[in-house]
Every structure is written in C-alpha cells, then in structure tokens.
Amino acid sequence: MDIQASRPVDILLVEDSPSDAKLTAKTFERAKVLNHLHIVEDGVEAMQFLRRLGPYAQAPRPDLILLDLNLPKKDGRKVLAEIKQDADFASIPVVILTTSAAEEDILKSYALRANCYITKPVTLRQFTSVVQSIEEFWLTIVQLPTPI
C-alpha cells in the first residue's frame, strides 16, 4: 500500500536555525505531496516528540526525520543513536541535514545507521533545491514503512 496515497506524510524536522527551518517549511508547503511538517529546535525536544512526552503527547509518529547534527541541549549524533537503538523508532528513516562536511561526522552518522547524509548548501537556491530533492526522493519515490 502506498503510504503517500493513503494519508499525509508526517515529517519531523529537528533544526535549531529558524531561517533553515522556515525555508524548509516553505519548500515542503509547495510540494505536491500532502505532508505535515513538525519542527523542533533541539535534541531534547526531538526525543520528547518521538516519545510523546509533555507538549508532544498527541504527536504523530513521523514517517521521516530530518536531523541536524549540531543541536543545543542534545547533540544530533546522540539523538540519532537513541532513535536507531530504540525498537519503536529504528525503522523511521533519518536524513542527516547539516552544515558539517567533516568526514568524521559522515562516517559516524552512517555507523549510527543514518539513512543518508546531506550537507546543507550555502546559497538559498541550492538549499531549496536540496530540500526539493529530499521531498521528491523520500516522499514520492521511496516506499516508507507503515507506522505501527
């Protein structure tokens, strides 16, 4: 069953940069795929969202997570490790979307089972293009797992 045809896709964006979050949201709003973008600003909030704690008690289980590595309160690497070690969340695809192009970060992210690693481009046009590519690939081409 095609998840994209049956219901909106829930995307969790974990991003501490307000401008990057806003640009990502605008790009997803223009997408032809019906989606709900949920934005949290740090790693602690990300885990609260996933575990449906506090203000996120009614949060949906995301179909896709876009995760920055350099986050306040709880680093994105720690968030990735927690997600992939938890049987309830391990099947959720995690796309690392970060400014870091460091080989160490790339290797560590894949070792922690990130599904892909994308370095944020510097220009607005390139950033928009990257987000559109994520949308096209992950929301129209890839078959996402059915939520439990």
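1. Let me start with the aromatics. This structure holds one aromatic pair. It is formed by Phe-49 and Tyr-56, whose ring centres are 5.6 Å apart with planes at 55 degrees, so the pair is tilted. The tilted label applies because only planes over 60 degrees apart count as edge-to-face. Phe-49 is buried at a relative accessible area of 4%, and Tyr-56 is buried as well, at 16%.

2. A word on confidence before going further: please keep in mind that this is a predicted model. The protein has a mean pLDDT of 85, and 91% of its residues reach 70 or more. Residues 1-5 are the stretch to treat separately: their pLDDT is below 50, although the model gives this stretch 15 contacts beyond near neighbours in sequence.

3. Now the overall layout. The protein has six helices and five strands, and from the N terminus on the elements run α-β-α-β-α-β-α-β-α-β-α. The C-alpha trace spans about 40 × 35 × 30 Å along its principal axes. For 148 residues a compact globule would have a radius of gyration near 15 Å, and the 14 Å of this protein agrees with that. Of the 148 residues, 53% count as buried. Among contacts with a separation of 6 or more, 68% join residues 24 or more positions apart.

4. What sits in the largest nonpolar core? The core has 24 residues, of which Val-14, Leu-50, Ile-65, Leu-67, Ile-83 and Ile-96 touch the most other members. At least two residues of this core come from each of strand E1 (9-14), helix H3 (43-51), strand E3 (64-67), helix H4 (76-85) and strand E4 (94-98). A second, separate core has 20 residues, among them Ala-21, Leu-66, Leu-139 and Val-142.

5. Ile-96 deserves a look in your viewer. Leaving aside neighbours within four places in sequence, Ile-96 is in contact with Leu-67, Leu-69, Leu-80, Ser-109, Ala-114, Cys-116, Tyr-117 and Ile-118.

6. Next, helix H3. Its buried residues are Gly-43, Glu-45, Ala-46, Met-47, Phe-49 and Leu-50, and what covers them includes E1, E2, E3 and H4. At the N-terminal end, Asp-42 caps the helix, with a side-chain oxygen 2.9 Å from the backbone nitrogen of Val-44. After H3 comes Arg-52, which has a positive phi, near 55 degrees.

7. Not counting residues up to four places away in sequence, His-38 touches Asp-10, Ile-11, Leu-12, Leu-13, Phe-49 and Pro-60; Phe-49 is a member of the tilted pair from the opening point. Between His-38 and Val-14, 24 residues apart in sequence, the C-alpha to C-alpha distance is 8.5 Å.

8. How covered is helix H4? H4 is mostly covered, with seven of its ten residues buried. These are Gly-76, Arg-77, Val-79, Leu-80, Ala-81, Ile-83 and Lys-84. The elements covering them include H3, E3, E4 and helix H5 (103-111).

9. Where does its side chain reach? It comes to 3.4 Å from the backbone oxygen of Leu-69. Setting aside neighbours within four places in sequence, Arg-77 is in contact with Leu-69, Asn-70, Asp-105, Lys-108 and Leu-112.

10. Lys-84, also in helix H4, counts as buried because its relative accessibility is 7%. Which side chain does the Lys-84 side chain meet in a polar contact? The partner is Asn-115, at 3.2 Å. Apart from neighbours within four places in sequence, Lys-84 is in contact with Ala-90, Ile-92, Pro-93, Val-94, Leu-112, Arg-113 and Asn-115. By contrast, Lys-84 and Asn-35, 49 residues apart in sequence, are 23 Å apart in space, C-alpha to C-alpha.

Conventions:
Residues numbered from 1 in each chain as written. Predicted model: local features only at pLDDT ≥ 70, side-chain atom pairs only at ≥ 80, totals over all residues. Heavy atoms only, no water. pLDDT = per-residue confidence, 0-100. Contact = heavy atoms within 4.5 Å. Core = buried A, V, L, I, M, F, W, Y, C linked by side-chain atoms within 4.5 Å. Buried < 20%, exposed > 50% of the residue type's maximum accessible area, 1.4 Å probe, protein only. Helix = DSSP H or I, 4+ residues; strand = E, 2+ residues; numbered from the N terminus. Phe/Tyr/Trp six-rings, centres within 6.5 Å; stacked < 30°, edge-to-face > 60°. Polar contact = N/O pair within 3.5 Å; in protein donor to acceptor, adjacent residues only side chain to side chain. Rg over C-alpha atoms; globule rule 2.2 N^0.38 Å.
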